There are 2 protein chains.
Amino acid sequence: MRESKYDLPCNIAQTLNIIGDRWTLLVLHEILAGSRTFNEIKKELNGISSNILSDRLKHLEQAGLVISSLYSEHPPRYEYNLTESGNELEGIFNAMILWGRNNLEKCYKKIIHTECNHEVELAYYCPHCNQNVDELEAVELDAVDTTGLK
Amino acid sequence: MRESKYDLPCNIAQTLNIIGDRWTLLVLHEILAGSRTFNEIKKELNGISSNILSDRLKHLEQAGLVISSLYSEHPPRYEYNLTESGNELEGIFNAMILWGRNNLEKCYKKIIHTECNHEVELAYYCPHCNQNVDELEAVELDAVDTTGLK
DNA sequence: TACACTAAGTTATAAAAAACAACTTAGTTG
DNA sequence: CAACTAAGTTGTTTTTTATAACTTAGTGTA
C-alpha cells in the first residue's frame, strides 16, 4: 500500500487516498458483486497476488469500508462484506461503468433499469427544487455565499 | 506509467487502465477545474513531480482524454485541455465528491445546484420510463434477456 | 549585454510499491 | 496417511514513484 498520501484539500484526492491504490477499487467491486471469501475474490480478480489482496483487505477494514467476520470456527474462515460506506461506493462504480459505456473501445457492461431493461443515464436530483438539475457547482464547504454581493 | 494492465472483462477495470495510475485522475480534474499549462497544473497538485506530470499528460493525450495545443510559438508554450471523453469524467468526479461528502472525516467540498444553492443527490434517469429509477442492474453487453423465460 | 528568472520539460538515481513464487498452518477428503 | 483446500505469510525481483539536478529557449532589467 502507498505510504505517501495526496496532501490536497480536495474530496477527490482524499477519496483516492482510501480507494486509489492499485486493485483496491476492484476488490471492493468484487465484494459488492457477490464474492465473499479470500479465494473467491482472488479467483475473480485475475492477476492479483495473495499478499496484495491480503494487504488491501486489511487496509479496507481499517478504513471502515469492509468488515470481516468469522463464519466458521473449525476451520477458521472469514468472509468479507462491505460496510455502509463501502456500499455507497456504488455511485462511483456506476459512474465508471457509464463512462466506459460511452468511451471504452471494448466495453463489457451497461446499466439498465431492472423493470424495463432500458439503459439509464446519470442525473442529479435537487431535493429543494424537487427535480433533476444540470447546473452544478462544486463549492468549498465553508465557503461564504457571495452571489450578488459586492 | 503502469505497464501491467488489468486483464479483466469489466468496464471498471478497463477504465482504471486509463485513469487508474497515481496522479492521473487528479491531473484530469485539475484541467477540468481550469488549469491549462504545465506549471499551473504542477503548482496546484502539491507534490507531483515534473517527470510524472509530463508522463501522465503524454499518456492521457494518447488515450484521447487530453489534447495539447501550442498557444505560443515564441516561446513555444502548450496548453492542455480535456477532450469530450475527458469532460465526461465529470460523472466520476462528482460521484467521488459526493461519496466524500458522506464518508470522509475531513471533507472539503459539496455539490450544489447553482440556482438554489442546495446540495444535490445522485440519481439515475430512465429515458424509457421518463423518470428517475432505483432498481438498477449492471449487465453484460451481449447478455441475452432471460427474464421470465424457462 | 550580462545576470537573474520563468516555462516546460528531461535525465539520473534513490526509494517505495507491486508482482511472483515458494512456503506455512490448519483442517478435510479419499 | 497422502493429497488437497483455504487463507494467508515470507523472501526476492521487477516496476513505479519520488527527488533533485540539469536543459533549452526565451524575458526582464540594471
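Leu122(A) has Tyr124(B) as its bridge partner in β4(B), so let's start where the two chains meet, bearing in mind that strands are DSSP runs of E with at least two residues, helices are runs of H or I with at least four, and both are numbered from the N terminus. This is a predicted model, where local features need pLDDT of at least 70, side-chain atom pairs count only at pLDDT 80 or more, and totals for chains, interfaces and linings use all residues. Residues are numbered from 1 along each chain as written, chains are lettered from A and ligands numbered from 1 in written order, and side-chain values use heavy atoms, leaving out hydrogens and water.

**Strand β4 and its partners**
- β4 (residues 121-126) of chain A runs antiparallel to β4 (residues 121-126) of chain B, with five bridges joining them; strands pair if DSSP finds at least two bridges between them.
- β4(A) also runs antiparallel to β5 (residues 131-132) of chain A, through two bridges.
- Cys126(A) has Gln131(A) as its partner there.
- Four residues sit between β4(A) and β5(A) in this hairpin, and Asn130(A) in the turn has a positive phi of about 60°.

**Helix α4 of chain A**
- After α4(A) comes Gly64(A), with a positive phi near 85°.
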